[in-house]
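Notebook open, model loaded. I'm jotting down what I look up as I go.

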Amino acid sequence: MGVLGEAFGWLTTGANWSGDSGVWRRLEEHIFVSGVALALACAIALPIALYLGHIGKGGALAINISNVGRAVPVFAVLALFMVSPLRNSGSVPTIIALVLFAVPPLLTNAYVGMREVDSAVVEAARGMGMSGRQLFVRVELPLAYPLIMTGLRSASVQVVATATIAAMVGQGGLGRIITAGFNTYNTPQVVAGALLVALLALLVEGVLVALDRVIDPAPSLAARPSRTTV
Amino acid sequence: MSTQGCLAANDWICGEYLRSRSQELIDATVQHVWITAVSVVIGLLVAFPLALLARSRPTFAGPVLGLTTLLYTIPSLAMFSLLLPLFGLSAGLVITGLVLYSLTILVRNIIAGLESVPEEAREAARGMGYGPGRLLWEVELPLALPALMAGLRIATVSTVALTTVGSIVGRGGLGNLIEDALPSFFKAQVLTASVLCVLLAVVADLLLLGVQRLLTPWTRIRPARTSRRKAAPTGPAGAVKAVG
């Protein structure tokens with residue numbers, strides 16, 4: 001337990017928070033790459049998934065991309081970028097890797113959400129004379145919303161975790177506190193960094209759950225369990 | 001000439017590298033496989049009682065699922081680092097972290113599998129005088145196998161990929177080779193280790209699929225469309241194939 005106390009001591013030392021490799025700087029890097037990557041991933045994955053779900057095609061792609069995403073190690077992809085010419089372009093390698101790993105959960109969940117909209121409801125909406133666009137905006141999107149949010153949550157968790165691993169290939173972010181601690185055999189710093197990363201991940205998850213509650217268009221459906229695609 | 005030069009030229013693909021470092025590659029692969037295998041087996045051994053507990057005592061179901069989901073949220077590098085004071089730089093650290101991750105998927109899928117057992121099958125077995133143990137082992141478990149194996153496959157594939165992060169403590173199998181190659185930008189080593197990693201995941205997945213086929217011969221007799229009820233043919237678009 002001594003280590004936990006020392007880790008706490010590390011966290012309460014002001015000098016560790018300031019400066020170019022301080023916690024605030026690392027947190028800023030972490031949040032910057034995560035935010036940019038998540039926004040890009042949403043901009044890429046959601047339109048594709050929603051469109052494919054709306055027209056009901058491309059199921060194999062939407063499902064298989066998830067399996068591929070699981071099988072490819074994040075660390076390997078980051079390392080491949082870092083030995084390629086991309087390494088000279090700042091945080092671009094991290095952002096690309098983060099996008100690659102955020103797209104599968106977004107795509108799969110949004111697609112499955114669209115496909116699981118009750119066919120009777122869709123038929124009824126068509127029978128009422130709704131156009132394809134109205135059907136999409138007023139019926140399919142609200143009903144697919146819970147799963148879209150599930151996808152967003154898994155993608156965010158994935159992005160925060162991947163941004164941490166980026167430190168192992170020398171990129172910025174909170175993971176650097178951990179790797180720096182490993183390099184100097186400073187276990188309290190390793191634990192302190194790990195606590196910060198874990199806290200950030202839980203915080204992101206918590207904020208998204210809260211956000212979900214606030215903006216859910218159909219709160220009665222919010223009780224649906226979050227699901228993994230089996 | 002080109003085979004000799006590719007190491008010096010730092011090419012992505014290099015036959016000379018494969019020849020001269022084959023022992024290193026084999027050692028790393030062996031470490032990768034045993035760390036993954038031990039983690040998944042322990043994960044299964046821990047997940048099973050947890051799932052049974054969650055099922056028999058509904059009050060435990062919430063905390064068990066909540067805790068395993070919480071663990072899954074913690075990034076792998078942080079998880080391994082938090083275990084450092086407990087395990088030091090050892091394979092035990094990596095294995096413990098991987099077990100904790102696999103629990104989320106395994107517990108969920110075992111519960112889903114057990115829930116998918118038809119109540120009539122249970123009733124019939126009880127009527128035939130099956131005790132709880134025999135009911136579980138001879139009726140429920142075989143019927144839960146498809147969902148269980150689906151979870152096992154996902155957990156195994158994720159574990160193969162996550163093992164690479166173990167290189168932070170020098171126990172990451174092929175991840176070690178990737179890490180060692182970074183300071184010198186050794187492209188052939190990074191690419192070879194990465195490809196081997198993905199290959200391992202694919203082979204493990206196919207092996208488990210084979211095991212599942214062997215263990216559940218009856219699923220092959222049933223018409224394939226029993227699992228397809230979601231994508232009912234609605235509207236003009238063709239039904240989606242193979243969701244799930």
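Predicted model: local features only at pLDDT ≥ 70, side-chain atom pairs only at ≥ 80, totals over all residues.

What share of the 244 residues in chain B is buried? I get 44%, with buried taken as under 20% relative accessible area, exposed as over 50% and partly exposed in between (1.4 Å probe, protein chains only).

Residues are numbered from 1 along each chain as its sequence is written, chains are lettered from A and ligands numbered from 1 in the order in which they are written, and side-chain values use heavy atoms, leaving out hydrogens and water.

Next I checked the secondary structure of chain B: 12 helices and 0 strands, counted as DSSP runs (H or I, at least four residues, for helices; E, at least two, for strands) numbered from the N terminus.

I looked up contacts (heavy atoms within 4.5 Å) too. In chain B, of those with a separation of 6 or more, 71% join residues 24 or more positions apart.

The axes of H4 (residues 74-82) of chain A and H10 (residues 174-181) of chain B come within 10 Å and cross at roughly 20°; the axes are lines fitted to C-alpha atoms over the stretch in contact, with angles from 0 to 180 degrees between N-to-C directions. H4(A) and H10(B) are therefore roughly parallel, the term for angles under 35 degrees. Phe75(A), Ala76(A) and Ala79(A) make the contact from H4(A), and Gly175(B), Ile178(B) and Glu179(B) from H10(B).

Note on methods: Parallel < 35°, antiparallel > 145°, perpendicular 65-115°, else oblique.
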